[in-house]
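Subject: Handover of a structure

Dear colleague,

Please find the structure below, followed by an account of what was found in it. I would be grateful if you kept it open while reading.

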Amino acid sequence: MGEDPKWELAILATVQGFYEKLLQEHLGGEVPVPAGLEAISLQSGDDVHGTLLSMHRWLRLLDLAITPAMLRRSLTPETDAEIAEAMLRYFTRKKDISDANRDKTDLVATFLYRHPRVPGQWERHGYGLDGSVPLAPFEIALLEILADADVPALSEEQMHLLRQFERLQEEAGKFRDLNALLDSGVIVRVRELKQLFDASFYHPSVLATIAPYNTAFGQRFDELFLKAAKEIKNFARELEEQGGSILGNVDGMDVTVEHVSALQESELLRIDYGTALEKFRRVSRLRKTLQEHPPLRHVPPVPARKSSASAKAADPFRLPDLETMRAAVTPQQISSEEGKLSKVEESIRAFVRVADARFRHVVPMRYFNLILTPAEVVAFCAEDREEKSQQGRVTHALLRMVTLAARMTTEMEELRRTKNSPSLWRLHADALVVLLEIERSVQENVKRVMVSGETEGGAQTEAIPASLKKLHECTALVQQTLLPADKVAGAAGGR
């Protein structure tokens with residue numbers, strides 16, 4: 001190391017103290033220190049050379065125990081720059097070209113770049129030692145820190161390799177999606193590029209080039225990863241609110257809401273990229289799967305029901321008693337479905353009001369065309385939906401019947417398309433049960449409107465029967481789908 005053994009011992013003692021503290025936190029207890037290497041012994045020892053030999057052996061052992069991932073976690077904004085500089089000196093002077101030592105050096109150099117002693121310190125440009133060649137201020141700092149380091153000079157080929165980092169940084173900065181960034185292979189290319197420097201990796205010019213790249217790439221990567229994780233968690237939350245559990249399939253395994261709930265973004269970002277890369281890829285693939293096949297969309301048709309008693313018992317698509325399910329509907333489920341009905345109503349209303357008068361009665365929905373009666377078209381264009389007059393009540397009743405029938409039809413189609421997923425099939429079946437409960441309250445409201453119309457007189461309620469007939473037909477189809485075949489006739493007769 002350096003020519004002054006006391007200076008060298010001071011550096012090693014700083015690294016030792018940091019390593020021991022890190023291990024104590026990791027193990028949850030004291031780490032036994034070899035005799036002669038305790039803090040008090042280092043201060044009073046006379047045999048500096050003997051102590052150095054013991055210290056080098058002790059640090060080699062600690063190096064085996066401390067992984068780059070552990071070091072990454074321990075380097076926080078509160079870490080003293082003096083400690084980081086001592087570790088950088090230690091790593092560069094070891095002449096160890098292993099992946100672990102290179103990664104640790106990479107981490108410490110990047111930490112020093114991200115956390116300058118003086119804010120903005122690396123933004124002021126300096127000059128080369130000959131006073132003419134512009135030199136990055138961070139490189140000047142590294143030259144001072146590593147002044148005693150004996151590292152190989154850079155060859156022309158290695159200088160060419162250094163120039164590639166600027167292009168790679170620009171490339172990484174252009175990605176707007178985690179999938180694209182991971183699929184580009186930038187991470188692997190940069191890692192291979194770093195390996196090509198061999199022992200010259202520890203040269204101040206190399207570290208001064210790599211640290212800014214790591215910082216820029218890390219910020220971009222973190223941003224895209226957190227964005228992808230947020231989208232996945234949003235999918236999971238929406239699915240959980242509707243009673244679902246399976247988000248998608250990645251590498252042949254179902255990813256559940258519980259899996260996503262256990263995803264700790266901050267923890268993943270703190271561990272070694274090499275170790276975490278496959279986990280990042282799984283998050284990326286799940287996000288891509290959800291984009292291409294949302295959990296409530298794009299699934300194949302449902303199979304025909306089996307008739308035998310044994311087949312029914314094993315049928316994952318068979319529901320409990322319908323009336324029992326209806327009685328179990330909660331106010332929260334009703335409220336959630338009411339929110340969806342409001343959105344459907346507004347979307348139909350928006351189309352009808354701007355469409356050509358000749359075609360506004362045909363509303364394009366996701367899976368079908370919704371056909372409106374002339375009275376329903378007028379109702380969706382009306383401004384009196386919330387008025388307390390009889391006409392306002394009629395308008396409101398018409399809108400509710402149309403919207404409810406539209407939602408039922410959509411959920412029926414979703415149900416038909418969930419052949420390969422009993423979990424999603426049940427999710428849509430549950431939604432239809434909630435809609436049946438809402439349909440019951442709509443029916444009661446329509447009766448009240450009809451009675452008040454008869455009491456007050458007038459022709460406002462004449463438009464209701466046509467809409468009510470369509471709703472009855474839609475409701476009967478839902479019950480026919482959800483009830484076992486032997487109960488359909490009885491249910492229809494009991495209306």
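Where pLDDT is low, the predicted coordinates should not be read in detail.

This is a predicted model, in which local features need pLDDT of at least 70 and side-chain atom pairs count only at pLDDT 80 or more, while totals for chains, interfaces and linings use all residues. Residues are numbered from 1 along each chain as its sequence is written, and side-chain values use heavy atoms, with hydrogens and water left out.

For the protein chain, the mean pLDDT is 79, and 74% of its residues reach 70 or more. Confidence is highest in helix 6 (residues 99-114), at a mean of 93, and lowest in helix 22 (residues 485-493), at 40. Helices (H or I, at least four residues) and strands (E, at least two) are DSSP runs, numbered from the N terminus.

The largest nonpolar core has 67 residues, of which Y19, L88 and V108 touch the most other members. Such a core is a set of buried Ala, Val, Leu, Ile, Met, Phe, Trp, Tyr and Cys residues joined through side-chain atoms within 4.5 Å; buried means under 20% relative accessible area, exposed over 50%, and partly exposed in between (1.4 Å probe, protein chains only). Helix 11 (residues 204-241) gives the largest share of this core, 11 residues. Beyond four places in sequence, the contacts of L88 include V108, L142 and L207.

There are seven aromatic pairs in the structure. Rings of Phe, Tyr and Trp (its six-membered ring) pair if their centres lie within 6.5 Å; planes under 30 degrees apart count as stacked, over 60 as edge-to-face and the rest as tilted. One of the pairs, W122 and F138, is edge-to-face, at 4.9 Å centre to centre and 70 degrees between the planes. W122 lies in the loop between helix 6 and strand 1 (126-127) and F138 in helix 7, so this pair ties together parts 16 residues apart in sequence. F138 is buried, with a relative accessible area of 3%.

Yours sincerely

Notes:
pLDDT is the predictor's confidence in each residue, from 0 to 100. Contact means heavy atoms within 4.5 Å.
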